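The following note is intended for a colleague who is meeting this structure for the first time. Please read the points beside the sequence and the model.

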Amino acid sequence: MREVAFKVHQINPNWSESAKSLYIKHALRESKIQQQLNHPNIVKLYDTVEIDQNSFCTVLEYCEGPDLSQYLKKHKLIPEKEAKTIIYQTLVGLKYLNDFKPRVIHYDLKPQNIIFHHGEIKISDFGLCKLLENNETRCELTSQGVGTYWYLPPETFIISEQAPSISSKVDVWAIGVIFFEMLYGQKPFGHNMSQEKILKEQVILLNSFRVVFPEKPAISKEAKEFITRCLAYHESDRYDVDQAFGCSYFKKKGT
């Protein structure tokens, strides 16, 4: 007798067999992984139910909303103190995913997948997540080209004969983008550009070497330093999940 949300997964009969197969693979992976997760900052998945030959639904924890994307559209800018709380709760969820066995890289962290519920932040949508088995810290990015480009780091755009290798630092990059977007009402890279243009002009790969902060609104030096470390172009210079979570910025009260 609890309220739940149904997420319907519909397979288009006109899709190619490979497209159907890929969709089912992602949806089943999402269900399998999310059902094992149990944390206040992660949307809980209770069950998966078949509807018919071309559709099924996942039964999820009901969240009152809105999601962070809707919240941003309404408020345009979010004050630093509030944005800091949202980011910290999201990091608590990421820390759980990073400590989980097998380790989980969300890979699609963005405002649409961060949902409000009774004053808490919950991470949703694990359809593109990656698993790191056997204490691995990296995996091959076999699904290059999928995801939401404004929130993906440079290493995911590198084109080579061999698939690029990624770590959970892709989620930390997304954290930096989301924090910047909440504070300034715009994305740090590729703002107002289409996904197609970002990819075609290699915006993230060629133009994200340095974070440029607008003069207004006034934001603390510590917040800017945190964002800069999250958005370090070279993966080796970027915070990992543990470093971002343990950053002194979040231990300082009254920002």
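**Notes on the chain**

1. Buried residues, those under 20% relative accessible area with a 1.4 Å probe and protein chains only, make up 51% of the 255 residues in the chain.

2. This is a predicted model, in which local features need pLDDT of at least 70 and side-chain atom pairs count only at pLDDT 80 or more, while totals for chains, interfaces and linings use all residues. Residues are numbered from 1 along each chain as its sequence is written, and side-chain values use heavy atoms, leaving out hydrogens and water.

3. The chain contains 8 helices and 9 strands; these are DSSP runs numbered from the N terminus, with helices (H or I) of at least four residues and strands (E) of at least two.

4. The radius of gyration of the chain is 18 Å, which agrees with the value near 18 Å for a compact globule of 255 residues. That radius is taken over C-alpha atoms, and the globule rule is 2.2 Å times the number of residues to the power 0.38.

5. Of the contacts (heavy atoms within 4.5 Å) with a separation of 6 or more in the chain, 68% join residues 24 or more positions apart.

6. Helix H1 covers residues 17–36. Its buried residues include Lys20, His26, Glu30 and Ile33. Among the elements that cover the buried residues of H1 are strand E1 (4–10), strand E2 (45–52) and strand E3 (55–61).

Terms used
Buried < 20%, exposed > 50% of the residue type's maximum accessible area, 1.4 Å probe, protein only. Expected span 1.5 Å × (residues − 1).
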